[in-house]
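Hi,

Here is the structure I said I would pass on. Have a look at it first, and my notes on what turned up follow below.

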Amino acid sequence: MISAILFRGINKGTFSFWDFYAKRSRRIFPALIFVIVVGLILGTLLLTPREFKELGAEALYGSIFVENIRLARGIDYFGLEIARRPFMHLWSLGVEEQFYLVFPLLLWGTWKLLKGQVGWLLVALLVASFATELHYQPLDESKAYFWPHCRFWQLGAGVLLAYVHFRSNKNCFYEKIKTILERNGDWLSVIALSTLLICLFTFDSVTNQYPGYWATIPTICSILLIGAGRNAIVNRTLLTHPKTVFLGWLSYPIYLWHWLFLSIGFSLYAGKVPFLVTCALVLLSIVFAYISFTFIEVPIRRMKANKKMLFSTLGTLFFVGAISGLVSLKDGFSQRLNAEQQKALVTITNDRKVPQHHRCKNSYDFVCWSQTGKEDGDVLLIGNSHTEHMMNVFPQFAPDSVRVDIYAAGGTRPLENVVRGFSKKQKMRDAKIHNVLKAAKASLAKVIVISNTWKNLTPDERLLLKDGSTDTFDNIFHQTVKNLMNSGKKVVFLIDNPQMPNEMENCMGLRPVNIIKGSCTIPRSEYNDQIMAQKNYFTKWAKIYPNQVFVVESGSALCDENECFMLSKKGEPLFTDTNHLTDLGASVVSEKAWDAIKPILKEIN
């Protein structure tokens, strides 16, 4: 529709950039301003400082339509962390506004030059954008997903359809395309809608390959559904029905509101939102969408779109964005909490920060900690972020004569040659743990202690290797352990700490208004179920290599016979989130680990 307006206006010579952008601002900005303001109010009341800080940053970038550029720096759109970003969905609005900032200028500049014959130019731009997206897909999923020039082809497809309709009365080629689409509109519209519904329920299985070629399916189906015309059976019976049309009017405000409410609900319930609560939040989104449409959008649409409208709405949006930026700059205004809450928050936030003077002097792509600075430890602790959270305290429990080094690579598993993908970001992440294992074999350490997450450990699981082949977890694990032992090391596996059901902020009530206070414990039986697979698996290898492989159930130090705890007996935080530990929590685990490591060292010496 917007492209059709552009074609007609530029062709007649009546197109005005001021008028175009004033109408865009009247359509887009008021509802967006309202949503951001409500989001800031809800964040002030319900979010923790670090959540509120993130909301402020997102609102700032969203208000200037560059949230997609921010996310392109590296984030998994389908990952868990995205659910904690209340305004992350504004990335798509950013792509749209960037498109309509560039496209009208390009169209206006080339229209007279090409005498309105811009069809092949549109095709060329669409193909170039799609090719760019395909180029980045295997290299960097975030850039492929969020960069505007990797997404312009989808908007360009709609532009091309609008151009076909615009030229159909003057060009037999375009008239033929339009006629074919509309003549076969009934079955095309049914197939297109059916395919879109199938995509809606099945695309979860291809999220790691999306957009890519998979994105062509919903894009082509959308073009066919629109191109089928008003008289196609789906369009005339469903899409032109008054209730469907009204829902279409509400689509933009629903888009703005839905993720704000769902994301805040996700934070309040620590990711485990009850189904009925989710339904209530969706309903609340629709209610607020109706309110913003009825009392903000409709009245403002009746106003004249002119320069005054453009600058007043733009200025208000930037002002709200500046306030949002201040929220981020002030770290989410922790002053909203009382002194005791602020103290707990500092502990949760700062405990995993490793002092710079303990970092290894050599430049590593993984985290390196050395007690002496010479990397000459008798004991080497390696693993992922569950090694990092022990860095500050693990060496403190070592005997006086024992030196400790620590190598860690977050988000990985210590398995040789295993990769999780071939994108640039994933290659860097996998290389870290490969280098950790290489450094571990070459180290002077007598004992290698592995502290890692081993969720869903399945011996028969087939893992992807660097050369593109696959092998079972069991074979790769065995080879990794054998190589460590062959380098003269004894290997100690620490059974992981409990995975808790709640964030520490919810457990300790670190929100200005605590609507929901989740549990701070889990039954010991639940923890036993969590670790059963890894405990049984590591114990099997300890029996095969009785004097070289050892298993320590160190995570159980956070439990008694009946429960596992997020807080100490004094009410101090043991966790920073659902699975990472504070220095106090890591101390409890480290002490139990060293109780088992000391006899091993004594036997060696």
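**Salt bridges across the chain**

Asp 331 is partly exposed, at a relative accessible area of 45%. (Buried is under 20% relative accessible area, exposed is over 50% and partly exposed is in between, with a 1.4 Å probe and protein chains only.) Its partner is Lys 53: the two side chains meet in a salt bridge, 3.0 Å from N to O. By salt bridge I mean a side-chain nitrogen of Lys or Arg within 4 Å of a carboxyl oxygen of Asp or Glu. Lys 53 is partly exposed too, with a relative accessible area of 35%. The pair links distant parts of the chain, 278 residues apart: Lys 53 sits in helix H3 (residues 49-63), and Asp 331 in the loop between helix H15 (307-329) and helix H16 (339-350). Helices (H or I, at least four residues) and strands (E, at least two) are DSSP runs, numbered from the N terminus.

Before you go further: this is a predicted model, where local features need pLDDT of at least 70 and side-chain atom pairs count only at pLDDT 80 or more, while totals for chains, interfaces and linings use all residues. Residues are numbered from 1 along each chain as its sequence is written, and side-chain values use heavy atoms, with hydrogens and water left out.

Back to the charges. The whole structure has 21 salt bridges. In another of them, Arg 84 pairs with Glu 503, with 2.7 Å between the closest N and O atoms. Arg 84 lies in the loop between helix H4 (67-71) and H5, and Glu 503 in the loop between strand E7 (490-494) and helix H20 (504-508), so this pair ties together parts 419 residues apart in sequence. Is each end buried or partly exposed? Glu 503 is buried, at 9% relative accessible area, while Arg 84 counts as partly exposed at 24%.

Asp 376 and Arg 403 also form a salt bridge, with the closest N and O atoms 3.5 Å apart. Here the separation is 27 residues: Asp 376 is in the loop between strand E1 (367-370) and strand E2 (379-383), and Arg 403 in the loop between helix H17 (385-388) and strand E3 (404-408). Asp 376 is buried at 17%, and Arg 403 is partly exposed at 32%. Salt bridges with shared partners also join Glu 54, Glu 58, Glu 67, Arg 70 and Arg 85 into one network.

Which arginine is buried yet has no salt bridge? That is Arg 167, and the nearest side chain of opposite charge, Glu 175, is 11 Å away. (Lys and Arg count as positive, Asp and Glu as negative; His and the chain ends are not counted.) What Arg 167 does have is a side-chain polar contact with the side chain of Gln 117, at 3.2 Å. A polar contact is a pair of N or O atoms within 3.5 Å; within protein, one must be able to donate a hydrogen and the other to accept it, and residues adjacent in sequence count only if both atoms are side-chain atoms. Beyond its neighbours within four places in sequence, Arg 167 is in contact (heavy atoms within 4.5 Å) with Gly 116, Gln 117 and Tyr 174.

Arg 167 belongs to helix H8 (residues 152-167). The buried residues of H8, including Phe 152, Trp 153 and Phe 166, pack against helices H1 (2-12), H5 (90-111), H6 (119-136), H9 (172-183) and H11 (216-227).

**Cores and overall layout**

The largest nonpolar core has 80 residues, and Val 379, Ile 382, Phe 394, Phe 477, Phe 493 and Trp 594 have the most contacts inside it. Helix H22 (residues 583-604) gives the most to this core, with seven residues. Another core lies apart from it, with 38 residues, among them Ala 83, Phe 146, Cys 150 and Ala 215. A nonpolar core here is a set of buried Ala, Val, Leu, Ile, Met, Phe, Trp, Tyr and Cys residues joined through side-chain atoms within 4.5 Å.

For the overall picture, the protein chain has 22 helices and 10 strands. Its C-alpha trace spans about 90 × 55 × 45 Å along the principal axes, and 50% of its 605 residues count as buried.

Cheers
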